[in-house]
Amino acid sequence: MTTRQFLISAWNWNPWVIAICVITILIYSAQQRFHFTRKIGWLLAGLAVFFLTLASPIDALANGYLFSAHMLQHLLLLLIVPPLILLSLSPAPVPDSFQNGRWKWLNWILRHPLANWFLGVGGMWLWHAPMLCNAAVSNVWIHRLQYVSLLLMGFAFWWPIIGPWHKQRISPLAGIIYLFSACVGCTILGIIITFSPVEVCSIYLHPVDRLGILSLIQNQWGLTPAKDQQLGGLLMWVPACLIYFCGIFGLFARWHGETGDKEIIAESQSTKTIMEKPYVH
Amino acid sequence: MSEAASTFVAIETPAAASAPRGLFSWVATVDHKRIGILYLLTTLVFFVIGGVEALLIRIQLARPNNTFLSPDAFDQIFTMHGTTMIFLVVMPTLIGLANYLVPLMIGARDMAFPRLNALSFWLLPCGGLLLHFSLLAGGAPAVGWFSYAPLSETPYATTSGVDYWTLSLLILGIGSVAASINLIATILTQRAPGLTIRRLPLFVWMVFVNSFLVILALPALNAAIVMLFIDRHLGTHFFAPANGGSAVLWQHFFWSFGHPEVYIMALPAFGIISEVVPVFARRPIFGYEFVAASTVAIALLSFGVWAHHMFAVGLGHPMDLFFAATSMMIAVPTGIKVFAWSATMWGGAIRLTTAMLFAVAFLIQFTIGGLSGITFAVVPIDWQVTGTYYLVAHFHYVLFGGTFFAVFAGLYYWFPKITGRMLSERLGKLNFWMALIGFNTAFFVQHFLGLMGMARRIYTYPDLPGWGLLNMISTVGAFLLGASVLVLLWNIIVSLRHGKPAGDNPWQAWTLEWATTSPPPAQNFDRVPPIRSRRPLWDLAHPENPDPIVGGIAARDGFVLEKNRVGIVSFLITESVFFLMLILAYLYYNTHDMNGPTPATMLNPQRTGIYTLCLLASSFTIWLAVKKLERKKHSAFRWLLTLTILLGTVFIIGQGREYLRIFHSGVMVNSNLFATTFFTLTGFHGLHVCVGVIALLILMGLSLAGDFKQGRIEAVKSIGLYWHFVDAVWLVVFSVIYLRLLL
C-alpha cells in the first residue's frame, strides 16, 4: 500500500462521531435560536477537528500502529476541541440549577481552578500509565471511555480560562500561572516519555498488521517503535506547551485590554479628547 | 508644578536618613543604591580582567602557528574569559543595574529584603575570588564555560580547576537566585500607590520577567554542578560513561539552563533599550503591550529550545525537527521588539546623545546577531558551523554588540542619576565610535573565518590563505575595542571630579527615578508624584496634555501580596526545579536493568512508608500550629511545634537507619548508578528536612522569647510553607523511588 492509497482508504465513517457532530450543531442552533454570530466558526472548527481526530487516518494509525498518532489524538481531544467549542459559546450568567439546584456538585468542580487543573493535567498523566495506555488500545470500551474522559477533562481544564460563565473565570494573571504550570506538568511527562528507554505503551511495540501498512510505516516513513515513542513524547512536550502559550498570550491581550470597572470607563470617556491628541513634543 | 505638588503622594516616613560615611559603611550597607554601585564596580573590575583575557586570546590568534600561549594556557584563558564574562560581568552588571534602578523606578524606599540584597552582592566577590583562586591552586579550569562531561570528570581534568569552577558557580548561582527572589518580591509588593503592573516601566517589567527566568533556570545548573562535584569527589557516575553515566545528560542539564541564560543576559538589556530609545526619540514606546507580551513569549519559549545547542550530538530526527521549529519561533517575539524600537524612533525628534548612539548601534548589531542565530536553527547549517568562529561571531554580536552596548547606553543614561554628574559627551562620542569600529572589526570577520572552517577552542590554526590576515584584522579590532573601554574608564574618572552637575532630570525623562534628586537621598523619595499612566513625569510637566490613563483610575492591582510570602514562594519554586533535576536524573538511570544493587533488592517500601506517614502527619501538625498561632494560642502552638519537630526527627532517624542498612550490605554512593542517584536524591531531601527542623527549632526559641506576641507571624507562616514543601517533595520522591516497586 502506498501513502496515498492509505490516506484515501483509511477513513472511518463512524456513525457515533457523525451523530455527535450533527447533534451538537442542532443543540447549538436551538440554543442560539438560529441567530448565528461569527462565533459559530469556533464551533465548526472544533467539530471539524473532532471529526478529523476520530474519523481520519489518524485514528487508523492510533489504533495499534503508532503511539505518536495516539498522542496526537490525545492532544487534539484534550487541548484543541474543548477550547474551540467553549469559544463558540456566548457569555451567560451562572444558571440557577448550578448555583443551588441539582447540579451544585458539578458547579463545585467548575468553580475550583485547582480541581480543573488537576483534571486537565491529571488526565494527561493518568492515561499514560503503561497499564491504562495498553488497556485503552486493546479494549474498545476502555478506548471510548478514554475519548469521552479526555473531552470532559479538556472542557474542565479550559473552563476557568475561556468558559462562558464569566463570573467563574479566573483573573488573567492567575490564568497565566494556571496555564504555565500545566505546561510544566506536560513538559515533564513529555520529557520522561521522550527519553524513556522503556516502552510506555508496549502494545505499539508489536502492532497487529490489520491494514497491511506496517511496512509502509516502518520502512517508507521510517517510524520505528523507538522513534515513534520519541515523537509521541515530543508532541506532548513541545506542541502541547505551545497551545498553553497561545492561551497565555490570549490572557495577556485580555488583561491589557481591560479598562477597569464601569465608573473608570466613564471617566476615561471624559478624557477621550485628551487621548486623541498626539503626544510628540 | 506647585499645585501639582499638592497631589503628590507621601510615602512612609523615612527612618534616620543621613548617609553614613567611610569605608566600613560601604561594607555594612544594606542600601540598594550602594549595593547597586558595589555591583557595578565589582563587575567593572571583572570586566577588565575578562577583557585582558580576551586580548591574550587575540594576541595568540593574531598569527598562524603562534606560540605566545601554550595550548593548556589557551584553554585556561578562554574558559576563564567565558566564565568571567557570563557569570561575573554580564549577569551581575544587569542585576546591579536592576538593584539600583528598580526601587527608584517603582517609587520604593529599598528592595523588599535589604539584608538578603547585601548577601546576594557579597556572594559575587566570594564566587569571583574563588574562581580566580584556582590560578594559584594548580591551574584554572580548562574545559570551556560549559564544562562538557566527560572532559570535566576527574580522569580528564586532573587539576582542581574544575572544582573551583563548580564551587564558584554554585555560589554565584545562589547569589543570582537570591537577588532575583528579592527583585520579584520588590516589584510585586513595594510599588508606589498608583503604579499598577500595567503601568510599570518596561525596564522594570523585563527585570521582573527575567527574575522568573533566573529562579527557574539557575537551579538546573546548580543541580548539574552538584552532580558533577559529587562525581569528582565521591567517585560517582552521573556523567562518567565508563560506568554507565551519560555525558549527553550533562549537556541536556547544562543547556536547559544555558539557553534561558542567553535570555537572562538579554532581557534586562532589552529593558534598558526600551527606556533609552523613547526618551531620546521624544516619543512614548511604540506598542508597549507588544513589547511587554513579547518579553513573556521569549521567556516561555526560551525553556523549549535548548536542544538546538546539541544538534551536533545526534539526538535523532524527531528531536532535531521540533527544536529547529521552536528555535525559529523564538525569532518572532524578538523581531516584534526590534520593530517596536524602530517604530518608536520613526518620526521622533531624535537626540543623538552617546546613550542614544549606543542604543542605535545595539539595535543594528543585535539584529545581525539575531539573524545569524536563526541560521543555527537550520540543523544542517548548525552541523557545519557549530564548532567554528561563525558561532563565536554570532554570540559576540548578541552579547557584546547587543547586551554590552545596551549596558553602555544605560550607563551614559543613568550615570547622572547615580553620581549627580554628567559623563562627558565628547569623551563619550570617542568611546562610542572606537567601540563601534573596534567591535565590528574584531567580530565581523570571524563570520568569514567560521564559514571557512576555523575551529573555535583550538589554540592556533594552520597558515591557510586569508586566515592570517583576517585574524590579524580581528586582533586589531579587539585592541581598539579594549582602548575604547579605557576611554570609558577615563571618562568616568574625569566626570566624577569635573563633570557637569546633572540636576534631577537632565534628559527630561518620564519615569520615577528622575523625580528625585541626583544622586537620590538615602530614603529615595519623600513623596512620589501621582501615577496614572506609564509616564508620570510627562503628566506632571504637561498637565494640559497628559498620557491616557492606563487601566482606569484604580490605584492598585486586583491583588495584594505580602512580601515574605512572595519571597518564600519564589524560593520554593526555585527549589522545586532543583529537585526536579535530581528526580529526572534518578528516573533516567533507574528505568532499565543494571548490575549491582537495584531499588528492588535494596529498598523496603512498607518500612519507609511508615516514616513517610510521620512526615505527612508533621505537615498537618504545622498547619494546625499556624492556625493556633493566628488565634494567639501560644502554648498550643508550642506543643504542636514540638510535635512537628519530633515527627521530623523520627523521619530523619528512619532515613538514617535505611542508609546504615544499605551501607552494611556494602553499597556506597559510588557502587553504581542506582546508589549514586538514590543517595543524591534522598540525601538532598534529608538535608532539607534537617534545615527545616533547625528552622522550626529557631521558631521555638523565638516563640519562647515572646517574639510572636505582637502578631508578626510571617516568619512562622513562611517556615510552615517550607515544611509543607519538603513534605510534598518527599511524596513525589517516595512515589518515584518506592511506590514504583509495588506496581
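User: Which residues of α17(B) are buried?
Analyst: This is a predicted model, in which local features need pLDDT of at least 70, side-chain atom pairs count only at pLDDT 80 or more, and totals for chains, interfaces and linings use all residues. Residues are numbered from 1 along each chain as its sequence is written, while chains are lettered from A and ligands numbered from 1 in the order in which they are written. Taking buried to mean 20 or more other C-beta atoms (placed from the backbone) within 10 Å, with 12 or fewer for exposed and partly exposed in between, the buried residues of α17(B) are N471(B), S474(B), T475(B), G477(B), A478(B), L481(B), S484(B), L488(B), N491(B) and S495(B).

User: How many Å apart are the end C-alpha atoms of α17(B)?
Analyst: Helix α17(B) runs over residues 467-498, which is 32 residues. The expected span, 1.5 Å times one less than the number of residues, is 46 Å for this helix. The model agrees with that expectation, because the end C-alpha atoms of α17(B) are separated by 46 Å.

User: Are α10(B) and α12(B) roughly parallel or roughly antiparallel?
Analyst: Helix α10(B) covers residues 288-302 and α12(B) covers 331-345; their axes lie 8 Å apart at an angle of about 155°. Axes are lines fitted to C-alpha atoms over the stretch in contact, with angles from 0 to 180 degrees between N-to-C directions. Under 35 degrees counts as roughly parallel, over 145 as roughly antiparallel, 65 to 115 as roughly perpendicular and the rest as oblique. The pair α10(B) and α12(B) is therefore roughly antiparallel.

User: Which residues of α12(B) meet α10(B)?
Analyst: On the α10(B) side, the residues are F290(B), V291(B), S294(B), A297(B) and I298(B). Their partners in α12(B) are P333(B), T334(B), I336(B), K337(B) and A340(B).

User: Which residues of α12(B) meet α9(B)?
Analyst: The axes of α9(B), residues 267-281, and α12(B) come within 9 Å and cross at roughly 15°, so these two helices are roughly parallel. From α9(B), the contact takes in F270(B), I273(B), V277(B), P278(B) and A281(B). Across from them in α12(B) sit K337(B), W341(B), T344(B) and M345(B).

User: Is V733(B) buried or exposed?
Analyst: V733(B) belongs to helix α24(B), residues 714-742. Beyond its neighbours within four places in sequence, V733(B) contacts I583(B), L681(B), T682(B) and H685(B). The C-alpha atom of H685(B), 48 residues away along the chain, is 8.7 Å from that of V733(B). Because 20 other C-beta atoms lie within 10 Å, V733(B) is buried.

User: Where is P519(B), which a cis peptide bond joins to S518(B)?
Analyst: Omega of the bond between S518(B) and P519(B) is about -15°. P519(B) is placed in a loop of chain B, the one between α17 and β2 (527-528).

User: Is N524(B) buried or exposed?
Analyst: N524(B) is in the loop between α17 and β2 of chain B, and its phi is near 70°, a positive value in a residue other than glycine. Q508(B), in the loop between α17 and β2 of chain B, is partly exposed, with 13 other C-beta atoms within 10 Å. For N524(B) that count is 24, which means buried.

Technical notes. Helices (H or I, at least four residues) and strands (E, at least two) are DSSP runs, numbered from the N terminus. Two residues are in contact if their C-beta atoms, placed from the backbone, lie within 7 Å.
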